[in-house]
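Hi,

Here is the structure I promised to pass on. My notes follow below it.

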Amino acid sequence: TYSIAEPCVDVLDKACIEECPVDCIYEGNRMLYIHPDECVDCGACEPVCPVEAIFYEDDVPEQWSGYVSANVDFFDDLGSPGGAAKLGKVDYDPPFIKALPPMGE
Ligand code: F3S
Ligand code: F3S
C-alpha cells in the first residue's frame, strides 16, 4: 500500500484525491490518510503531491515510519468505508498526529 507522511500535515493540498481511481484517500483534520486495504497500489497519487508526502510503504523515510501506522490507525473505527467522497471529512486524527505542533509553515 501507499502511505501519506508528515509533509501533508496542515497542508492538505488534496491533488492526490483527484488521481485515485478507487477513492481511498480519506480526509482527517490535519492530514489525509490512505486506506491500506482499499489502495490498489496504482501509484497515481504519489507524483502529484506538491510536497512529496506520499510513499510506497517500503519507501517511507525512516523518520516518518510512524505515519505508516497512522494511515492504518485512522481507520480503526471507520473500517472500510469503500469510498472517501461519500464519507466526507472525518473529525479525527490518530493521537500522535493530533499532538503535533502546527506544521506546514
Ligand atoms: Fe496531502 Fe499531498 Fe495529498 S499534501 S492531501 S498528500 S496532495
Ligand atoms: Fe489510490 Fe493508487 Fe494512490 S489506489 S491511494 S492513487 S496508489
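How many helices and strands does the protein have? It has four helices and four strands. Please keep in mind that this is a predicted model. Along the sequence, the pattern reads β-α-β-β-β-α-α-α.

Overall shape next. Of the 105 residues, 43% are buried. The accessible surface comes to about 5,600 Å². Carbon and sulfur atoms account for 49% of that surface.

Now the contacts. Take those with a sequence separation of 6 or more: 72% of them join residues 24 or more positions apart.

The aromatics deserve a look. A search of the whole structure gives seven aromatic pairs. One of them is Tyr33 with Phe74: the ring centres lie 4.1 Å apart and the planes meet at 10°, so this pair is stacked. The cut-off for stacking is under 30 degrees. Where do the two partners sit? Tyr33 is in strand E3 (residues 32-34). Phe74 is in the loop between helix H2 (66-73) and helix H3 (84-87). The pair therefore ties together parts that are 41 residues apart in sequence. Tyr33 is buried, at a relative accessible area of 0%. Phe74 is buried too, with 2% relative accessibility.

A second pair is Tyr67 with Phe96. Here the ring centres are 5.2 Å apart and the planes stand at 70°, so the pair is edge-to-face. Tyr67 belongs to helix H2 and Phe96 to helix H4 (residues 95-98). The pair links distant parts of the chain, 29 residues apart. Are these two residues buried or partly exposed? Tyr67 counts as buried, at 2% relative accessibility. Phe96, at 39%, counts as partly exposed.

There is also an aromatic cluster. Tyr26, Tyr33, Phe74, Phe75 and Tyr92 form it. The stacked pair of Tyr33 and Phe74 is thus part of this cluster.

Last, ligand 2. Which residues are around it? They are Tyr2, Cys20, Pro21, Val22, Cys24, Ile25, Ile34, Cys39, Val40, Cys42, Gly43 and Cys45. By class, this shell has 11 nonpolar residues, one polar residue and no charged ones.

Best wishes

Conventions
Residues numbered from 1 in each chain as written. Chains lettered and ligands numbered in written order. Predicted model: local features only at pLDDT ≥ 70, side-chain atom pairs only at ≥ 80, totals over all residues. Heavy atoms only, no water. Phe/Tyr/Trp six-rings, centres within 6.5 Å; stacked < 30°, edge-to-face > 60°. Helix = DSSP H or I, 4+ residues; strand = E, 2+ residues; numbered from the N terminus. Buried < 20%, exposed > 50% of the residue type's maximum accessible area, 1.4 Å probe, protein only. Near = heavy atom within 4 Å. Nonpolar A, V, L, I, M, F, W, Y, C, P; charged D, E, K, R; others polar. Contact = heavy atoms within 4.5 Å. Areas by Shrake-Rupley, 256 points an atom, 1.4 Å probe, with all protein chains shown as cover.
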